[in-house]
Amino acid sequence: MSGPELALARDEAVWHPRLRARKITGAVFVGLCVCSVVLGVAMLAALVIDVSLDGAARLFSAPEFSLSARYSGYALAVIIVLVVLFRVLERRGIRIDGALHPAGLGALTTVGLSRHLPFALAWWMATTIALRIPRALGRLPWIVLAMLLLTWAVYLFLDQAFLTSFASRIPGRAGIYAPLIGTLYMMVITAAVAFPLGVGAAIYLEEYARQNWFAKMIQINIANLAGVPSIVYGLLGLQLFVRAMELDRSVLAGALTMALLVMPIIIVSSQEALRAVPPSMREGAYALGATRWQVVWSSVLPFAFGGTLTGTILALSRAIGETAPILVIGGLTFIAFLPTSPTDSFTILPIQIFNWVSRPQEDFQLIAAAGIILLLLVLLLMNSAAIILRQRTRVRW
Amino acid sequence: MAARQTTPQPASLREVCAALWRDHLNPSRGGTGRETPLGHAVHLLLFLSAALSALVTVGIVFVLIFETIEFFGVIGLGTFFGDTVWSPLIAVFNETTGELESRFGIWALVWGTVLVAAIAVVVAVPVGLLAAIFLSEYAPPRLHAVLKPVLEVLAGVPTVVYGYFALLFVTPIVQDLLPATTIFNALSAGIVMGVMIIPMISSLSEDAFSAVPQSLREGAYAMGATRMETALRVILPAALSGVIASIILATSRAIGETMIVTVAAGQNPNFLASPLEAIQTMTAFIVQVSLGDTPAGSIEARTLFAVAMTLFVMTLAMNLIATYVRGRFREQYE
């Protein structure tokens, strides 16, 4: 008997046919399970690759290594060497400390002369923080450094003309300046409105409200609000903010609509963060005679703050991608100016992308892909920030 | 938890206020009961921000109902639910009356919505459930820690990006396989929407699977069951309420989804259209009207709210059913 036949014979000898059938069905089933996971991941990969192939040419261009860029490069090299050096010295027990750290100073003087001043400052902060954070934090400073490095590299390669041009009917000249600033503007107002309200509601539900019908009703209500289609929020915003409050189709109207949309998400994640603080923290403070607000402010919030902030960032990253509500309240799609006050009209990234996608010319669709890459980069940055924040502020009880 | 069971019914506003004030003065979490003026003010502010979320619901319902009543004052329920042609903006020929007129048969939009959502569910349920079973029953912890967030990224991708993906990546492939497909079609929008809701089903179902106690698995293994038999005949039935709730929630999300269908499914409200043709969903219609310049207060503008009301009622009903199923049919383990 040859090899395979022998194996088969042995297999039959050991496995009763029915048992073997069960074994094979099981194996096929695992295969199916693996396939479906792979399918999900493959779809994500296909999406990212498709968008990158289409849009990368428009969004990125080879950086012209101007004087400032070159100085930044030198500074980067100097900083990396210094950081590694000081790390090694620290490992040997020689501790270097102080706000004016040599590595940071070196970065500041080298890069500060160039036009990349914001990045010089960021580098200075990053290196100083990275060197001063206690070693107990492990890899965290390095992750922060790597992220800053990545941001900086992406920034260097971004096509400046695309970022700083307004929308245009000519594909070659169309840029994403107005929607980029519009998104930023709207998000700042949304965060300023939704964060205090969301966290406030969560504190009320977790720390103040009894389990009476009112709290129960609000709880059910919040769960349902999270399931309301976003376009319905757009109609609410249209009637309430645009028409009734006469804010017109302004940044403020858009931001308030978005704030209502993300509030349920912020409330739920803040509630979870508050719930994670053990009751003994509260009881200890009460035992010292603190009032309820003192307990919340001094003994609960400091430990739940990281969680609430993480939830808010994730909620905002949802808001950044939302198109439908702003379409309904009428975020314009052709805007050749920047919003300067909250009552100016505006446009945001996803709406500009939608506008480009829905045009028949292929050139515009490629620009849409460039816009999508930018949007995904922003989302990636926000989500990484949320993850890092979660790790950094996690308290083990 | 016992307190949740008994729900005193609300009476008059006066009693409600009195009850809230009593609650306020009588701290529930072991407080001393004394409070500074600042504490009172803060309590009021926190209460107001919690009440705001209730006001949002009231606002949504009020806005929708107000305009919908105005709409039905002109159009009539019989026309809305008794017709299958939807053309509120352009007059079309009516076979029964023999005249050119606007038609308001919501079923054309409902068909488009349900068709796309059904395709999405057909794609997402097998993939999502199998992925959930893999993650909770088979995957080693380290793989689980990597795969779960990666799958959840799918839910975080902006929907307009999915619209782009459906129109420019999936549609050409579908057209290659089925040449009868038009550029805008329900099928590719549905497939991509299915991809979008996979993580909803897989995450929520996996939570339900993980909640099944380990002793049930061990019992099944002790009886000589294979891993698959354990997963399908013990774990899945035990977690069925959570699984069904996740599917209903994902369907509700698919029904309310806007940008994928607006970009990739077209703007042709067409009752009983095939998946290979262009359709229009309720959400896509709302976007279409919003992008045009229909004057506020006109009947065309009011259709927006009637359609949104239908959408809101459908999704709300599904969300409530999901909550009910999860609570009512939960297997209790201690």
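A residue is taken as buried when its relative accessible area is under 20%. In this predicted model, Arg302(B) has a relative accessible area of 17% and is therefore buried. Arg302(B) belongs to a network of salt bridges that also includes Glu67(B) and Glu70(B). In the pair of Glu67(B) and Arg302(B), the closest N and O atoms are 3.0 Å apart. This pair joins distant parts of the chain, with Glu67(B) in helix α3 of chain B and Arg302(B) in helix α14 (residues 299-328), 235 residues apart. Both Glu67(B) and Arg302(B) are buried. The salt bridge between Glu70(B) and Arg302(B) has an N to O distance of 3.5 Å. Because Glu70(B) lies in helix α3 and Arg302(B) in helix α14 of chain B, this pair ties together parts that are 232 residues apart in sequence. Glu70(B), at 34% relative accessibility, is partly exposed.

Over all chains, the search of the whole structure finds 9 salt bridges. One of these is formed in chain A by Arg275(A) and Glu206(A), at 3.2 Å from N to O. The two residues come from distant parts of the chain: Arg275(A) is in helix α11 and Glu206(A) in helix α8 (residues 177-208), 69 residues apart. Arg275(A) is exposed, with a relative accessible area of 52%, whereas Glu206(A) is buried at 11%.

The interface of chain B and chain A contains 1 salt bridge. It is formed by Arg22(A) and Glu229(B), whose closest N and O atoms are 2.7 Å apart. Across the interface there are also 9 residue pairs in polar contact. On the side of chain B that touches chain A, helix α3 (residues 37-74) of chain B gives the most, with 19 residues. The residues on this side of chain B comprise 56 nonpolar, 26 polar and 7 charged. In total, 89 residues from chain B and 78 residues from chain A take part in the contact. The two chains bury about 7,500 Å² between them, and 74% of this area is on carbon and sulfur atoms.

Chain A contains 16 helices and 0 strands. Of its 397 residues, 48% are buried. Among the contacts in chain A with a separation of 6 or more, 75% are between residues 24 or more positions apart. The accessible surface of chain A is about 18,600 Å², with 68% belonging to carbon and sulfur atoms.

Most residues other than glycine have a negative phi. Glu246(A), which is not a glycine, has a positive phi of about 55°. Glu246(A) is exposed, at 67% relative accessibility. Phi is also positive in Asp248(A), with a value near 60°. Asp248(A) has a relative accessible area of 52% and is exposed.

A buried loop residue is found in chain B. Asn185(B) is placed in the loop between α7 (159-177) and α8 (186-211) of chain B, and its relative accessible area is 0%. The side chain of Asn185(B) reaches the backbone nitrogen of Ser188(B) at 2.8 Å. Beyond its neighbours within four places in sequence, Asn185(B) is in contact with Thr171(B), Ala264(B), Ala265(B), Pro275(B), Leu276(B), Glu277(B) and Ala278(B).

Terms used: Residues numbered from 1 in each chain as written. Chains lettered and ligands numbered in written order. Predicted model: local features only at pLDDT ≥ 70, side-chain atom pairs only at ≥ 80, totals over all residues. Heavy atoms only, no water. Contact = heavy atoms within 4.5 Å. Buried area = accessible area lost by both parts, 1.4 Å probe. Salt bridge = Lys/Arg side-chain N within 4 Å of Asp/Glu carboxyl O. Polar contact = N/O pair within 3.5 Å; in protein donor to acceptor, adjacent residues only side chain to side chain. Helix = DSSP H or I, 4+ residues; strand = E, 2+ residues; numbered from the N terminus. Nonpolar A, V, L, I, M, F, W, Y, C, P; charged D, E, K, R; others polar. Buried < 20%, exposed > 50% of the residue type's maximum accessible area, 1.4 Å probe, protein only. Areas by Shrake-Rupley, 256 points an atom, 1.4 Å probe, with all protein chains shown as cover.
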